[in-house]
Amino acid sequence: MATNVMTLPRTSEPTGLWSWITTVDHKRIGILYLITAGLFFLIGGIEALIIRTQLAAPNGTLVSPDVYNELFTMHGTTMIFLAVMPLNTGFGNYVVPLMIGARDMAFPRLNAFGYWLFLFGGLLLYSSFFLGGAPNAGWFGYAPMTERAFNPGNGINFWILSLQLLGISSIVGALNFIVTILNMRAPGMTINRLPLFVWGILVTSLLLIFALPSITVALILLLFDRYFGTMFYLPSAQGDPLLWQNLFWFFGHPEVYIMIMPAFGIISEILATYSRKPIFGYAAMAFAFAGISFISFTVWAHHMFATGISPVADIVFAGMSFLVAVPTGIKIFNWLGTIWKGSLRLTTAFLFAAGFIGQFTIGGLSGVMLATVPVDWQITDTYFVVGHLHYVLFAGAILALFAGTYHWFPKMTGKFLNERLGQAHFWLTMIGMILVFLTMHYIGVLGMPRRIYTYAPAQGWDLWNMIETIGAFLVGLGALIFFINILISLRQPKTSQGDPWDGQTLEWATSSPPPVYNFASMIPVSSPRPLWDAKYGAHSEFAGDPKKVDLSGGGTAQVHLPNPSFWPIVLAFGLSFMLVGILFGPETGWLGVPIGVVIMFVGLIGWLAQPAE
Amino acid sequence: MRLFWSQKSRLLAILIISLTFFALTGCAGTPQDILRAYSPAAAEIANLFNILFWVSVAVFVLVEGLLVFFVLRYQRRAQDEHPEQYHGNTRLEVTWTLVPALILAVVFALTIQTMGQVGPTNPPAQGIPITVAGQRWWWSIEYPEAKVRTAGILHMPTGQVMNVALHSENVIHSFWVPSLMGKTDVMPGHDNSTWIYGNIPGTYSGQCTEYCGTQHANMLFRVKVQSPEEFQAWLQSQTAPAVEPAPGSLEATGKEIFLNPNNKCIGCHSIESTDAPLQDGPNLAHFASRECFAGCIYENNRDNLTRWLENPEAMKPGNLMAKALMTLRPETPYHPLTADQVAALTAYLESLK
């Protein structure tokens, strides 16, 4: 093992609230993302439980139809934009620089800027509850129901502008990841030695760059329709509601993969680690990432089979949708190959990863059923779709995020999550999930449409809805145990060594939690699992010829760490203020816009004037 | 008439359906079950669904079986245990790329084949044209050749294709009768078309399946498949002009209240079948001959009608009628009519046979 000690500018971490507001450290920003998104996940979960309570029995009266419509809109928007995406970004922020042996992200202040935009975007969206009503047109916001003629309240305006903020946040985050992963890898870590989680984040970032412009445009057109009387989506003036659907789903379908690719990465890391094996078919896995993301841009109209697009379009989009199943199948079987003949340690993280394989498969299979056009004509917009999408996003993304939490929590805090509580969390989640989401497929076949606030007893859906509600509360109980587990563990003393799970990748090659500068020394990288090679040379075919790495620069190299900076939050606040100025523009004479611009300008000047390190 | 299916294939399809898991676990009392197919088109789709379902079950059992077996079989026994480091196996990987691809190719072929048989733009024949309009939140149903406009219940004869034009002047809805036909969206701006065909008399449930606002959940309708004679008799009865109430009767008072513009009824409703532009409220011609009202969520009887007219907001929160009538008696916004008015209007509506 080549060990090169370098001179370090500072080794102790700053403390206090101010240090968090001005932080540009990728690990702290990662933790900020995880905590904020974790809280939004909790809120989105509470919304889900209210929805399930309303639907537990026919003719439910817990909430009014209008409140119900706000709840399912906010549940979807929250879980997608404020929970799963930023949770992925949080893990990416924390883990990716460590995994590639970097000291920080390529643009640390931009990283902080992205976080503050996410926070302000989330707060803006939720302030709608107190300022005239939440958005109520579904997370998909189909025009023309989002037009003022059919939706005069302010909720849709909040939705448009907060999604724009979140979009900017995602774009800067994605650019940062791409530059970081392409430029800041440790010596020897070629692109075909990237750990698969890094692959997942890289592909996700590329997807974001190409997919987000489409929804940005769609939202701007809608904003113009609502504020300035254009009629892009209004058929009364030759506008076209289908334009919204095409623009939205051109973003919306890749968005599914944006949420699930990091999960694929997390699962790959965890299965390999707890099996003490390399990932089976690494190259195929990496190509599957690329293949799925490319195909994901060519399947968007499978959300629109019932809209009356031409049969030829139906057939082409169905064909492309079937094609996605091939690389997804490769992934499933390669994961099975990874644990085959392994030395499996059944930690909570591994259990969640194994549960992911079993349950996510159902999401893939029901996806094939939905891509079958005639079947889709029957089951689209029923609970079958709700079941399917939760099997992809809950059984997929959320299970992986739970697994990732148990896996990386010791790295982040130096403390272990309680395994017994973890097992309780796992079993409650699995049983609850099957009760709620598998039953949804069935009740969809029984003809229950989505997005209905109530139903009549004559439909024969009572029993199944009650089962779903019980399942949802089991999932909720599991999540409660999970949060309690985190709180309890944080009060324990630090017991984790740098490498508690016998890890394979570089994040385990430093202390837990890592120092501000991440690594004092770097081990050589000659495969996707450099730490494994370093520890068990005898079990690695790469051990024979480790490429020697010299980072010391003759013992004189300085570690450059970026300065804390106050300006990212100022710039993010200015931008958010400007959008709030647009939101209340008609009432306030657009005064907020110039004020926001001035704050942004001050933030930019401060940012540029401050030395980066 | 010669259609693409035969009685035999339909029976076969229904037989296959009855053998499925779904038929075993529930069926009776679920009127919108997509596998409870009562038309050849719905049976074709149910058939395809079942093929996919069983293929999926097979794949799931394979994956889940391997997963559970591996997890039980390969647990770590010693702390220093080091398994052999397999990095992959080209032959296996090619297999699990090609086999799923082949299965999907077959599914793709079945998809195209079935689309040709049940596609909304491929009606098996030209039959009776009708226009179905999605309103907030109820369905307007129009027979343009007979100049009949009704709401909530679609009457059709057995053995004839209904060519349906789907029309919306507000938001997007979706037209769906699970037992008879897959859904097609009702898009504002351009009329989609679909068709339905039924050969088994009966009443089938339909529901709007594209989220369309506050009362999306209560936008139901029924399809009554009748013998051609019954259907013709019904259509004839709907073309008759409205019955004139006897002077001085309660019904006559009701009609007066209805026609008084101050009460706002005629702003949204008409009592003569017409092909004039759609109104926000259902056409009430021959209202008393309908089984259900208010988006087909209430049976049409005196009790329900009275309660509806007394307090429409309580009966269907957020409906446009309750909104429109809120200013009628500002002191009681959700009770817009007096008890006398309600009684007279109920009597009048009940006379519109």
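**Entry 1: confidence**

I noted before anything else that this is a predicted model, and that it scores ipTM 0.92 and pTM 0.93. For chain B I looked up the mean pLDDT, which is 92, and I found that 92% of the residues of chain B reach 70 or more.

**Entry 2: where the two chains touch**

I asked how many residues of chain A are in contact with chain B. The count is 77 residues of chain A, in contact with 73 residues of chain B. I looked next at which elements of chain A supply at least two residues each to this side, and the list includes helix 3 (65–99), helix 7 (241–275) and helix 8 (282–296). Helix 9 (311–339), helix 10 (348–371) and helix 11 (373–379) of chain A are also on that list. Helix 9 of chain A gives the most, with 14 residues. When I sorted the side of chain A that touches chain B by class, I had 46 nonpolar, 22 polar and nine charged residues.

**Entry 3: the domains of chain A**

I looked up the domain assignment of chain A, which divides the chain into domain 1 (17–565) and domain 2 (566–613). The C-alpha centres of these two domains of chain A lie 29 Å apart, and 20 residues of domain 1 are in contact with 19 residues of domain 2. On the domain 1 side, the elements that give two or more residues are helix 4 (108–127) and helix 5 (155–183) of chain A. Helix 4 of chain A gives the most to this side, with seven residues. By class, I wrote down 13 nonpolar, six polar and one charged for the side of domain 1 of chain A that touches domain 2 of chain A.

**Entry 4: the build of chain B**

I found that chain B has eleven helices and twelve strands. Its C-alpha trace spans about 95 × 55 × 40 Å along the principal axes. The radius of gyration of chain B is 27 Å, whereas a compact globule of 353 residues would have one near 20 Å. Of the 353 residues in chain B, 42% are buried. I also looked at contacts in chain B with a separation of 6 or more, and 67% of these are between residues 24 or more positions apart.

**Entry 5: the domains of chain B**

The domain assignment of chain B gives domain 1 (7–68 + 90–118), domain 2 (128–239) and domain 3 (250–351).

In chain A, the peptide bond from S512(A) to P513(A) is cis, with omega near -10 degrees, and P513(A) is found in the loop between helix 14 (462–490) and helix 15 (530–535) of chain A. In chain B, the bond from R136(B) to W137(B) is cis, with omega near -5 degrees, and W137(B) is found in the loop between strand 1 (128–135) and strand 2 (138–143) of chain B.

I then turned to phi. A294(B) is not a glycine, yet it has a positive phi of about 60 degrees, and A294(B) is found in the loop between strand 11 (292–293) and strand 12 (298–299) of chain B. C296(B), also not a glycine, has a positive phi of about 60 degrees, and C296(B) lies in the loop between strand 11 and strand 12 of chain B.

Is A294(B) buried or exposed? A294(B) counts as buried because it has 24 C-beta neighbours inside 10 Å, where the cut-off is 20 or more. C296(B) has 23 other C-beta atoms within 10 Å, so C296(B) is buried as well.

Definitions and conventions:
Residues are numbered from 1 along each chain as its sequence is written. Chains are lettered from A and ligands numbered from 1 in the order in which they are written. This is a predicted model: local features need pLDDT of at least 70, side-chain atom pairs count only at pLDDT 80 or more; totals for chains, interfaces and linings use all residues. Two residues are in contact if their C-beta atoms, placed from the backbone, lie within 7 Å. Helices (H or I, at least four residues) and strands (E, at least two) are DSSP runs, numbered from the N terminus. Ala, Val, Leu, Ile, Met, Phe, Trp, Tyr, Cys and Pro count as nonpolar, Asp, Glu, Lys and Arg as charged, and the others, Gly among them, as polar. A residue is buried if 20 or more other C-beta atoms lie within 10 Å of its own, exposed if 12 or fewer, and partly exposed in between; C-beta atoms are placed from the backbone. The radius of gyration is taken over C-alpha atoms; the globule rule is 2.2 Å times the number of residues to the power 0.38. Domain bounds come from an automatic or database domain assignment. pLDDT is the predictor's confidence in each residue, from 0 to 100.
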